[in-house]
Amino acid sequence: MNLKKKALATAIFMALSATPVVLPVNYMTSSVVCAAPASEIKAEDAFQVDFKNGMPKGFEASDGWTNGNMFNVNWHKENVTFDNGNLQLVIDNEKNPGKIPYSGGEFRSQGFYGYGRYEVSMKPIKNDGVVSSFFTYTGPSDNNPWDEIDIEFLGKDTTKVQFNYYRDGKGGHEYLYDLGYDASQSFHTYGFEWHKDKIIWFVDGKEVYRLEGTTIPVTKAKLMMNAWCGTGVDEWLNAFDDKNLPVKAEYQWIKYTPFTE
């Protein structure tokens, strides 16, 4: 998707952001811990986890709410499954459909992380209208500015991967990289390095794209992955094709290596 079209989709998303969103019951309560600056890291923040024993310590499945707007799913912990040593994020029909007809899976860290190298071995969904992702995020639900760094696969064409980031809610940095293979067919490693003044994206350990400047995210964030189908963004994702449900994105392992700036 070119930048002009994505900018339009982003504008629509932001315009719709006033629409009420159903959030967890503890949203914006005293139990929410504000994330620190991305520079506040320590060596013991590092981790590498696989999914051979199910849900790893320090992580959780989103459950019982929806992001609303372009997300046409409710998040359910049942859509985060483990099989053959891998994590699966499932898109399926909603069991109790109301305004939202579909369900999706989202996996997130409980802790916040800053500058460093983030890596994943994954296999995205190949299906019109869906997104499979690996990203860092913090925002209003954490009582923070919206800072985000993205690796996103658009199911309409899994021979490409989209990179992007947001600083205080401002995006518009999309870049679509041609992989030269179909990512949905086998596991590959994807990642990015988050620096004070740049973000560098990698595929199978090789640098493929970088963005430098003064608008790089500055707030520690949660590490997240999700799988969802869109609504109102057909120009970006294509119309959602639901005849093959359920569909699932698969993840073998994730890794974070902090470094100081």
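D45 is a buried residue, with a relative accessible area of 12%. Because burial is defined as under 20% relative accessible area, a value of 12% places D45 in that class. The model described here is predicted, and the mean pLDDT of its protein chain is 89.

**The surroundings of D45**

- D45 is found in the loop that runs between helix 1 (3–15) and strand 1 (47–50).
- Once neighbours within four places in sequence are set aside, the residues in contact with D45 are Y113, K220, Y256 and P258.
- Two of these contacts, Y113 and Y256, are also members of one aromatic cluster.

**Confidence in the model**

- A pLDDT of 70 or more is reached by 87% of the residues in the protein chain.
- Residues 1–32 have a pLDDT below 50, and this stretch makes 41 contacts in the model beyond near neighbours in sequence.

- The structure contains 23 aromatic pairs.
- F71 belongs to the loop between strand 2 (59–61) and strand 3 (73–75).
- Not counting residues up to four places away in sequence, F71 touches T66, W228 and C229.
- F71 and G104 are separated by 33 residues in sequence, while their C-alpha atoms lie 9.3 Å apart in space.

**Other aromatic residues**

- A pair of aromatic rings is described by the distance of the centres and the angle of the planes.
- F163 and W201 are a stacked pair, because their ring centres are 5.2 Å apart and their planes are at 15 degrees.
- This pair links distant parts of the chain, since F163 is in strand 10 (residues 160–166) and W201 is in strand 13 (residues 198–203), 38 residues apart.
- F163 and W201 are both buried.
- One aromatic cluster brings together F47, F51, F59, F82, F107, Y113, Y115, Y118, F134, F192, W194 and Y256.
- A charged residue also meets a ring: R117 lies over the face of F202, at 4.0 Å from the ring centre.

**Strand 10 and its neighbours**

- Strand 10 is largely enclosed by the rest of the structure, because six of its seven residues are buried.
- Strand 9 (residues 147–154) and strand 10 run antiparallel and are joined by five bridges.
- Between strand 9 and strand 10 there is a hairpin of five residues.
- Across this pairing, I149 stands opposite Y165 of strand 10.
- Strand 10 also pairs with strand 11 (residues 175–178), in the antiparallel sense and over four bridges.
- Here Q162 has L176, in strand 11, as its bridge partner.
- In a regular strand the side chains alternate between the two faces of the sheet.

How values were computed: Residues numbered from 1 in each chain as written. Predicted model: local features only at pLDDT ≥ 70, side-chain atom pairs only at ≥ 80, totals over all residues. Heavy atoms only, no water. Helix = DSSP H or I, 4+ residues; strand = E, 2+ residues; numbered from the N terminus. Buried < 20%, exposed > 50% of the residue type's maximum accessible area, 1.4 Å probe, protein only. Contact = heavy atoms within 4.5 Å. pLDDT = per-residue confidence, 0-100. Phe/Tyr/Trp six-rings, centres within 6.5 Å; stacked < 30°, edge-to-face > 60°. Lys NZ or Arg CZ within 6 Å of the ring centre and 35° of its normal. Pairing = 2+ DSSP bridges.
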